[in-house]
Amino acid sequence: MSDLTVSFVQASLQWHDPAANWAELGQHIEEISIPTDLIVLPEMFTTGFSMDAANLAETMDGPSVAWMKQLAASRDAVVTGSIIIRDQDQYFNRLLWVRPDGMLSYYNKRHLFGVAGEKDVYTAGTERLVEEWRGWRICPLVCYDLRFPVWSRNSATAPYDLLLYVANWPASRRTAWITLLRARAIENLAYTIGVNVVGIDGNSLAYAGDSALLDMRGEYLVEVGNHETSITRTLRRADLEAFRERFPALHDGDAFYLGEPVSALTHQE
């Protein structure tokens, strides 16, 4: 199996301004000077973390999806991140997984953040997504999902090599972000990426960034801090397999499941 080169962007999002965010994120992506297999953008990367779904939602054939498809094709990489989607009169915080050939899959955020009223506006997802890409199995999740280890669990029915979270995680809870990212990497014996934002949003909430890439031991390969940047690193398949062979803890897990639908929703566009 080959290695996987991954890139992610930590940015300050412009409130309710998709065009400005496409432009800013695009500038960061232009800084990626080497070929990459995967580009990860934050949660609700076109708008910031907003409950104004009625005015901000796009459809699956809207301009943000078109932008992601163009980017994926031009970089020959999967592009992923979440946006606000309207689908059959419901609103979703939907992570899109866009391939260079225009094929896309999606994951609707399962755990909606009640404190911010997210569950009063959006419909929760019911199916986890595990995607195969260039020899790697990847499980993308969204922000608050990080707090729920059962949903994130690496299992025999849907194993993965890379776990990633896209987020708008406030600075006031940064200790939880840092701690739980490390815990998810350790318990699932997987490379783990958390992509957050920086700055102040339209609700006057501060975000400290702390985007990170961790290996299967829970050791940091990248710690970003609180500045805007794009990061690219190569994940070593041999290191992952050697560690899992020496320490096969995934085989010793409990043989019970608290509900784990895993089928992907894939659509030809």
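## Ground rules

A residue is called buried when its relative accessible area is under 20%, exposed when that area is over 50%, and partly exposed in between (1.4 Å probe, protein chains only). Helices (H or I, at least four residues) and strands (E, at least two) are DSSP runs, numbered from the N terminus.

What you're looking at is a predicted model, where local features need pLDDT of at least 70, side-chain atom pairs count only at pLDDT 80 or more, and totals for chains, interfaces and linings use all residues. Residues are numbered from 1 along each chain as its sequence is written, and side-chain values use heavy atoms, with hydrogens and water left out.

Let's begin with strand S9, which covers residues 191-195. Five of its five residues are buried. Here's a handy bit of background: in a regular strand, side chains alternate between the two faces of the sheet. In S9, one side carries Tyr 191, Ile 193 and Val 195, the other carries Thr 192 and Gly 194, and both faces are covered.

Which strands does S9 pair with? Strands count as paired if DSSP finds at least two bridges between them. One partner is S8, which runs parallel to S9 with five bridges, and Val 166 sits opposite Val 195 of S9. To get from S8 to S9, the chain passes through helix H6 (residues 174-188), making a right-handed β-α-β crossover. Right-handed here means that, with the strands pointing away from the viewer, the path from the first strand over the helix to the second runs clockwise. Another partner is S12, antiparallel to S9 and joined to it by three bridges; there, Thr 192 has Leu 214 as its bridge partner.

Ser 211 belongs to the loop between strand S11 (206-208) and strand S12 (212-214). Contact means heavy atoms within 4.5 Å. Leaving aside residues up to four places away in sequence, Ser 211 touches Gly 194 and Val 195, among others including Phe 8, Trp 177 and Gly 225.

Now hop over to Trp 97, in strand S4 (residues 90-98). Is Trp 97 buried or exposed? With a relative accessible area of 0%, Trp 97 is buried. Its contacts, again not counting residues up to four places away in sequence, include Leu 38, Val 78, Met 103, Trp 133 and Pro 140.

## Salt bridges

Side chains of opposite charge can pair when their charged atoms come close. A salt bridge here is a side-chain nitrogen of Lys or Arg within 4 Å of a carboxyl oxygen of Asp or Glu, and the whole structure has 15 of them. Take Arg 236 and Asp 3, whose closest N and O atoms are 2.9 Å apart. This pair links distant parts of the chain, 233 residues apart: Arg 236 is in the loop between strand S14 (229-235) and helix H7 (237-246), while Asp 3 is in the segment before strand S1 (4-10). Arg 236 is partly exposed at 41%, and Asp 3 is partly exposed at 31%.

Arg 237 pairs with Asp 161 at 3.3 Å between the closest N and O atoms. Arg 237 lies in helix H7 and Asp 161 in the loop between helix H5 (149-152) and strand S8 (162-166), so the bridge ties together parts 76 residues apart in sequence. Arg 237 is buried at 7%, and Asp 161 is buried at 8%. Both belong to a salt-bridge network that also includes Glu 241 and Arg 244.
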